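Visitor: Hi, could you walk me through this one slowly? I am new to reading structures.
Guide: Gladly, let us look at it together.

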Amino acid sequence: MAKGEAKKNGRRRVAIVAGLRTPFAKQGTAYKDLSALDLGKAVVAELLQRSELDPAEIGMLVYGQVLPSLSAPNIAREIVLGAGLPKSIEAYSVSRACATSIQSMTSAAEAILCGQHDVAITGGADSTSDVPIAVSKKLASALVEASKARTVMEKLKIFSTLSPKDLLPVPPALKEPSTGLTMGESAEKMAREGGISRRAQDAIAVRSHAKAARAWEDGVFADEVMHFVVPPKFDKAISQDNLVRKDATADGLAKLRPVFDRKYGTLTAGNSSALTDGASALILMSEEKAKALGYTPLGYLRSWGYAAIDPGEWMLMGPSYATPIALDKAGLSLKDMDVIDMHEAFAAQILCNMEAFGSKLFAHEKLGRSEAIGEIDDAKFNVHGGSLAIGHPFAATGARQVTTVLRELKRRGGQFGLVTLCAAGGLGAAAVLEAP
Amino acid sequence: MADHSFVLEVRPDGVGVLTFDVQGASVNSLQANTIGEIEEMLRRIDSDPSIRAVVLRSGKPESFIVGANLDMLKGVRTASDGEALSRSGQKGCAAVAASRKPIVAAVHGPALGGGFEVALACQARVCTEKATFGFPEIQLGLLPGANGLQRFAQLVGLQMALDFGLTGKTLRAAKAKALGVVDEVVAPALLLEVACKHARALADKPKKPVTFIDRLKKKGGADALQTLALEDNPLGRRLLFKKARELTKKKTKGHYPAAFAVIDTVESLGNRGFDASADVEARAFGELLVSETSKQLIGIFFATQELKKDSGVANPAVKPQEVGKLGMLGAGLMGAGIAYVTANAGIAVRLKDRDDAGLGKGLAYVEKLLASRVRRKSLTRLDKDRTSALITGTTSYDGFGRCDLVVEAVFEDLALKQRVVAELEQKLEPTGIIASNTSSIPIGKIAEGSARPQNIVGMHYFSPVEKMPLLEVIRHKGSSDEAVATAVALGKRQGKTVIVVNDGPGFYTTRILAPYMNEAAFLLSEGVPVEVIDDALVDWGFPVGPMTLLDEVGMDVGAHVGKVLNEAFGARFTPPPGMEKLLADGRKGRKNKRGVYLYDEQGNRVKDKKTRGVDESVYASLGITPTAKVPPEEIQMRLVLAFVNEALRCLGEGILRSPRDGDIGAIFGLGFPPFRGGPFRYVDSVGPVEILRRTEGYRERFGARFEPAPTLVNLAKNNARFHR
């Protein structure tokens, strides 16, 4: 488990030089008039300013958003062109549901590791306030046909086949195409089958709010969250996440009604992450380049792993599958981790994964391993809160966790940190980070 | 002398491509021999059986024809020579218009003045999106001299012709197409081919030009009828031109005779026809060309052209540093305006203010300016987004490390400015330049204690920055040539006319304005009513009077500047006793809606016919009765001579590099009447002996503040001039 093992293998190391995010805002609040692209441009532009990086050094930009955009399908390239960056920066967009900004980070890391680029910007943004509203299948095909029609009569004929209900817009699907369940229903299923109590879930939510509120109070986030003076009016500024509630209590949360299974359910708006708008970004460099440019990195990306499971089962168990892969690649075990940050989609998902981490049975049956991944030490776990309190702009969350973990490693003098997320479709992602 | 400016090539399709390309010049202008050359080419075309039609184009990559050669115009000595010049232009254009073989103008870039007139004489016009048209002659105190105004009026109507003739404003390609001035707008790569197509079509089937009146009659409808009632009817026209004269008189105070010549020309076209109007035009052109007004305006034009080429430093080897990113301290009106003009030049801006609210106000101001340009179609939405993306805001020095130049517009306080310089020097690269936007604090003082005083200059912008054309760059004793040249080059990219002055309290512009404002205060304290003072100076040609200016600038700012100058120069900057009562009475001007004029809640001047919006309680505040009768001429002369005398001192003391810079600074920075040419040209035109006599007269009456500048005394002694 020697330090700098990657180097020993003759491989380059990927340095994470800087990270930044916008404040995360509840759907329809501070960013209600902004698109994911607007948010992404702002955070990338500000990150570059703060890093004092010469934009000419940047080779690539990898970025993602989960809610698809009709006007800017390749958000990464639009950020390059829209944020005043050199037009020579190549760019592509990725999507891995809630783990999107882990994907953009590791995709760029791969390019750096094989020597394609030395400097990359990565990240992700989502606006749940600016969702694409689709038209019905029938109207869509009529529109396509009509665009090819030559005469007005032909056009009229095509539209005459439509009935009024075909004209209604179709809201974006929140259901998993493969299971027909919403994310919340999947989590509800896990809570139900795993016997996760309402009280335990609410306790996780209260913990998350308390830690995030404390982090804001202590100024932990001040240097990793930009102020956002909101265009086009610029008359309001948001400087902190607006979902964090320092007065959240178990009793208060207990009063909320279940939302996914109204009759017997235990998941409420209080113990589920909320629809959120926001963006985050990272600067990645090869270790040599960072040194040459005089940067002290926040840390290094030591290893990562992805896993996938049947979404029809316990869909949100991704962290329990992806983490051992990343740890093995790093040559480390969970107890080597000084900070563990797991994306909090739902309190129930957190509790299920915590249990699986410590379970020999789970390791044996599901992972084919003789030993459990390891018990999660509360003192190292989501130390500044998580998505339950801070919010979850899908594509922005992973990069948020990376920045927070690296800065926390420095703060507590730790060496290794784990970031892990579950994602729609039964996906899991994990990354091991290393202090400089 | 460019002998052969035209090249004629005949294409296989029978179109003769006539390319105008004045040798040894970056743009085409009409030369003394151009008309003769055109006539010669037309004869060749007429007699060449292989040519069926013609396309006229420019050999310059970015422009068509930008007008008449000004050196040629400047050389004209008598009105009759000027008239002959106009008639020759008319004749040349008439020959183009009468060509048996149709001529199509292919326009890319500006077609201005005489260039527009030539294009209008062609039978058709094809242009690119980048084409612009206009009659800028009015800005030089002239009118178009080759019947272009008339041909334009035939296409777009009398009212539109008046509008463009009186303002000199630019007509863009899309609007030109909508108005029927051009026949087609195409991509630059297609310009020649499409123009040839139009030329062949006209050769195959001659087309009678459709006049404005024809089009209106065909179109019908209430709007068309209303326009016809005004333009196609003697009574309507009488009303139309009466109104135009009234408005013009009100606007120009009679100082711009060219405006009335434009109205006369268009009116005679409407009432008496093309030929009669051509006579009116040629006579007016001759008279205007030798008029004092036009001479001064052309002189200013030349001065601004010279300044465009001036690096701001004497050593030709000095090269400005590239400014790729500008730091702006302060997001107030000034800072936001500077951010805007900088981003417009494609330069990244890091804008800093104390807090998010202040920053937001600055960003909103830039957004408002850009959005209004999108509304006026002078900017595409895409370019707007690109421009706004260049400006990012902050409340810290984050992102200043890569700034090549930082402009500070923090509060006017020496200690604060010195602290800001020290902070910036920590953050910037050793080559980073720091420019202060102070209007009065000597730059040398701000540079005291600096680690790199060579990198410190003054960049004095005028408010509102996006409108005011002047930038005053100030070099203190320690400023390096590179720093000065960099500031000058940046100012030019921001679209400014830049003068470089040496350091001193109030530099040039603030310093010469102060005695003028002070003299207005003396008149007020003598009991001359506020509006009488303002009217006198507006009549003399200033855009606003000194009392209005006082409210705009603010009494607090005025008092601060006055104090700085008073300490430096003593008695002639001492305000009349009692003026401090204005501030003591809580009057700061428009900014707190309490000045010498009355303001409503929104800060707009209260309109009132009787009081003229003056806050009459101001007289009580000052303890005076506004009943003094001073003739307007005396009000004008006392203020103007105070101003001019101080300008001459600035030249004598080496603050100014040249009288040229002094004229430009006064006109573009302070609104000195352009048709009077600036303080130095004004002294030249009145004569130094007379100026000295009047100044000495005032010294007898009012004392030492009218002590003539040594430069004036010397000039009068030799009866010399500032400008040749």
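Guide: What follows is a talk about confidence, helix packing, one proline and the cysteines.

Visitor: What kind of model is this?
Guide: This is a predicted model, and the predictor gives the complex an ipTM of 0.90 and a pTM of 0.91.

Visitor: And what is the mean pLDDT of chain B?
Guide: The mean for chain B is 95, and 100% of its residues reach 70 or more.

Visitor: Okay, helices. How do α22 and α23 of chain B pack?
Guide: Helix α22, residues 530-540 of chain B, packs with helix α23, residues 546-553 of chain B, at an angle of about 105°, and their axes are 7 Å apart. That angle makes α22(B) roughly perpendicular to α23(B), because angles of 65 to 115 degrees are given that name.

Visitor: Which residues make the contact?
Guide: On the α22(B) side they are Val530(B), Ile533(B), Asp534(B) and Leu537(B), while α23(B) brings Pro546(B), Met547(B) and Thr548(B). Sorted by class, the contact of α22(B) with α23(B) has 5 nonpolar, 1 polar and 1 charged residues.

Visitor: Is Pro546(B) buried or exposed?
Guide: Pro546(B), which sits in helix α23 of chain B, has 1% relative accessibility and therefore counts as buried, the cut-off for buried being under 20%.

Visitor: What does Pro546(B) touch, apart from its neighbours within four places in sequence?
Guide: Pro546(B) is in contact with Tyr516(B), Met517(B), Ala520(B), Ile533(B), Asp534(B), Leu537(B) and Leu639(B). As for Glu519(B), 27 residues separate this residue from Pro546(B) in sequence, and their C-alpha atoms are 9.5 Å apart in space.

Visitor: What about α5 and α13 of chain B, at what angle do they pack?
Guide: Helix α5 (residues 148-156) and helix α13 (residues 274-289), both of chain B, pack at about 140° with axes 10 Å apart, and α5(B) and α13(B) are therefore oblique to each other. Here Gln150(B), Arg151(B) and Gln154(B) of α5(B) meet Phe274(B), Ser277(B), Ala278(B) and Glu281(B) of α13(B). By class, that contact of α5(B) with α13(B) has 2 nonpolar, 3 polar and 2 charged residues.

Visitor: Changing topic, how many disulfides are there over all chains?
Guide: The count over all chains comes to 0 disulfides.

Key. Residues are numbered from 1 along each chain as its sequence is written. Chains are lettered from A and ligands numbered from 1 in the order in which they are written. This is a predicted model: local features need pLDDT of at least 70, side-chain atom pairs count only at pLDDT 80 or more; totals for chains, interfaces and linings use all residues. Side-chain values use heavy atoms; hydrogens and water are left out. Axes are lines fitted to C-alpha atoms, for helices over the stretch in contact, and angles run from 0 to 180 degrees between N-to-C directions. Helices (H or I, at least four residues) and strands (E, at least two) are DSSP runs, numbered from the N terminus. Angles under 35 degrees count as roughly parallel, over 145 as roughly antiparallel, 65 to 115 as roughly perpendicular and the rest as oblique. Contact means heavy atoms within 4.5 Å. Ala, Val, Leu, Ile, Met, Phe, Trp, Tyr, Cys and Pro count as nonpolar, Asp, Glu, Lys and Arg as charged, and the others, Gly among them, as polar. Buried means under 20% relative accessible area, exposed over 50%, partly exposed in between (1.4 Å probe, protein chains only). pLDDT is the predictor's confidence in each residue, from 0 to 100. A disulfide is a pair of cysteine sulfur atoms within 2.5 Å.
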